[in-house]
Amino acid sequence: MSELKHYTLPLRGLRDGMHTFDFEVDNHFFRHFEASPIKEGVFTVQLFFDKRPDLIVMTFQMDGKFQTACDRCLNPIYLPIRDSHQLMVKFSETPSEEAEVVFIPPGSTELNVAKFIYEYICLSMPMVKIYDCESEENPPCNFKMLQYLEPETNSESEDQQDEEKNDNPIWDALKNFKKD
């Protein structure tokens, strides 16, 4: 994790008030996290760092894209992500973490935010990995694969299905059941 040292923010010597830090996240960053769901991606992260005497409020704004397989056509796509997350850092004798609060010792001189950036990017990944790529000049989708997903509009196949229903003795019995 020493390679992620430039994600370390100084706490001592930083005066109270609002500060802004900008980070560039790329493939090299994601390699430092074991079993990362993102192997290839590029993000810009803007961190608004509000230091107060008793706590720190950090707002992470992320914008970028990562490579994944499209859930519709299975082709590789770059899925865009734009999201924002907030984290509070409080000082406590016993360091721990909760959902949106991290507790650090009162004498801490620095704070590494790489783990938080990674977690928030992963949390921003959508469950369904598709997007409106038809508006792009060269859409990455496999249109041949998408044809298999579209319902057939061939009226001949609908006629065959209707005939099968009419020849089925179960349907005849159900029609008679309704009459009784």
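A salt bridge is a side-chain nitrogen of Lys or Arg within 4 Å of a carboxyl oxygen of Asp or Glu. Keep that in mind for some of the close-ups below, and remember that this is a predicted model.

**View 1. Glu 97 and Lys 115 pair up.** The side chains of these two residues, Glu 97 and Lys 115, meet in a salt bridge, with 2.4 Å from N to O. This pair ties together distant parts of the chain: Glu 97 sits in strand 6 (residues 96–97), Lys 115 belongs to helix 2, and 18 residues separate them. How exposed are the two partners? Glu 97 has a relative accessible area of 45%, so we call Glu 97 partly exposed. Lys 115 comes in at 32% relative accessibility, so Lys 115 is partly exposed as well.

**View 2. Asp 63 reaches Arg 82.** Here's another salt bridge, with the closest N and O atoms of Asp 63 and Arg 82 lying 2.9 Å apart. Again the link joins distant parts of the chain, since Asp 63 is in strand 4 and Arg 82 is in strand 5, 19 residues apart. Asp 63 is partly exposed at 32% relative accessibility, while Arg 82, at 67%, counts as exposed.

**View 3. Asp 50 and Arg 52 form a salt bridge.** Their closest N and O atoms are 2.8 Å apart. Is Asp 50 buried or exposed? Asp 50 has 15% relative accessibility, so Asp 50 counts as buried: the cut-off for that label is under 20%. Arg 52 is partly exposed, at 37% relative accessibility. By the rule used here, the count of salt bridges comes to three.

**View 4. The largest nonpolar core.** Now for the greasy side of things: in soluble globular proteins, nonpolar side chains tend to be buried together. The largest nonpolar core in this model has 42 residues, and the members touching the most others are Phe 29, Met 58, Phe 60, Val 113 and Ile 117.

**View 5. Zooming in on Phe 29.** Ignore the neighbours within four places in sequence, and look at who else is in contact with Phe 29. You'll find Leu 4, Tyr 7, Ala 114, Ile 117 and Tyr 118.

Conventions. Residues numbered from 1 in each chain as written. Predicted model: local features only at pLDDT ≥ 70, side-chain atom pairs only at ≥ 80, totals over all residues. Heavy atoms only, no water. Core = buried A, V, L, I, M, F, W, Y, C linked by side-chain atoms within 4.5 Å. Buried < 20%, exposed > 50% of the residue type's maximum accessible area, 1.4 Å probe, protein only. Contact = heavy atoms within 4.5 Å. Helix = DSSP H or I, 4+ residues; strand = E, 2+ residues; numbered from the N terminus.
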